[in-house]
Amino acid sequence: MANKIRRIGVMTSGGDSPGMNAAIRAVVRACAYYNTECVGFYRGFQGMIEGDYEVMNARSVRNIISRGGTILKSARSKEFLTPEGRKKAADNLKKAKVDAMVLIGGDGTFRGGQKLSEEHGILIIGVPGTIDNDIFGTSFTIGYDTALNTVVEAIDKIRDTASSHNRLFFVEVMGRDAGFIALNTGIGAGAEEILIPEEDLGLERLLDSLKRSRRSGKTSSIVVVSEGDKIGKNVFELAEYITNYLPEYDAKVTVLGHIQRGGSPTCFDRVLATRLCVRAVELLLDGQSNLMVGFLNNKIETSSLESALKSKPDFNKDLLRISDILST
Ligand code: F6P
């Protein structure tokens, strides 16, 4: 391994996700293993701009693998979107003698990393960390699996009260413009309907399906609504609309919100984070840059940061068909 890199930096940026701590731990420990210094930047790009960092060693990351959130904190830095902000960040990296960075986050983080590399020659490897699972080049992002389990557990509880009171519940889940969380938790929790931005099913279809449900003897129903879905954009209005047309339904809304981002990561997310970040450090030590490390077909794979940003991952249409079959 050609080791020209003296110091590697690590940061978490954008929405936090469970498993980010396991990712930081893996970067720090891999650096220690390869006798390379490691520096952690706080609050993502904002910490770079402010020179807010700490030298980390293997002991700095003890007992964090099971913790949700991120010990390095996270932020969405507006200042970094400007060339001046990026220049400040690059100057601070140089002052801190950091040659290369592992950036853990979503597409906004990767876009920022690309700019930093283009404009200031910093070596960058991106590691996908977001609950949304909306990054091309990986089947799973760090935190997605934990979020799915959190949501399914919450919907199971809502199902109990929905069934006790013969109610219809609209459960809004996160995902920004992507419906991965809604689609998979909808199937996993046995929802009657799933609304996702990738497939506009229309209000008529939803009404028909709810009417059919009632006729078939169902007394309660769950509709999982992705926050980015067109007709679910305002889930409270949607519930009101449905109640106007189907007054027999006692409709309630639950917005799950930020509980989806917290909690101890699942074993899957811990292992994923660890594998991706060890590879990220090895790639940097090999002098590689502008890549994202992902998990595809059960293997750790790399793709260009550019491709990760250009395309959106495909959603599995067959899951909608399966959901239809099972909600009869
Ligand atoms: O990208 C993660 C995510 O939780 C999205 O699902 C959601 O749309 C967004 O972040 C919420 O961001 P914030 O915490 O800044 O409100």
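The model is predicted.

Start at the ligand. One stretch holds Thr130, Ile131 and Asp132. Another holds Met174, Gly175 and Arg176. Arg76, Glu227, His258 and Arg261 also surround the ligand. Glu227 places a polar side-chain atom 2.5 Å from an oxygen atom of the ligand. Arg261 has a side-chain N or O atom 2.8 Å from a ligand oxygen. For Arg76, the distance between a side-chain N or O atom and an oxygen of the ligand is 2.9 Å. The ligand on its own exposes 400 Å². The protein buries 74% of that area.

Next, step back to the space that holds the ligand. The ligand takes up the largest pocket. This pocket has a volume of about 740 Å³. Its lining counts 36 residues. Nearest the centre of the largest pocket lie Arg76, Asp107, Gly108, Thr109 and Arg176. Arg76 and Arg176 are also among the residues that surround the ligand.

Which helix gives the most to the lining of the largest pocket? Helix α4 does, with six residues. This helix spans residues 107–120. Asp107, Gly108 and Thr109, named above as lying nearest the centre, fall within that range. By class, the lining of the largest pocket has 15 charged, 12 polar and nine nonpolar residues.

Move on to the second largest pocket. About 200 Å³ of space lies here. The lining is made up of 13 residues. Asn133, Ser139, Phe180, Asn184 and Asp314 are the closest to the centre of this pocket. Helix α6, residues 180–188, supplies the largest share of the lining, with three residues. Phe180 and Asn184, both close to the centre, fall within the range of helix α6.

How many residues of each class line the second largest pocket? Seven are nonpolar, five are polar and one is charged.

Notes: Residues numbered from 1 in each chain as written. Predicted model: local features only at pLDDT ≥ 70, side-chain atom pairs only at ≥ 80, totals over all residues. Heavy atoms only, no water. Near = heavy atom within 4 Å. Polar contact = N/O pair within 3.5 Å; in protein donor to acceptor, adjacent residues only side chain to side chain. Areas by Shrake-Rupley, 256 points an atom, 1.4 Å probe, with all protein chains shown as cover. 1 Å grid on protein atoms, 1.4 Å probe; cavity = no way out; pocket = protein on both sides within 12 Å on 5 of 7 lines; lining within 4 Å. Sits in = over half its atoms within 2 Å of the grid points. Points joined across faces, edges and corners; volume = space filled by probe spheres on them. Helix = DSSP H or I, 4+ residues; strand = E, 2+ residues; numbered from the N terminus. Nonpolar A, V, L, I, M, F, W, Y, C, P; charged D, E, K, R; others polar.
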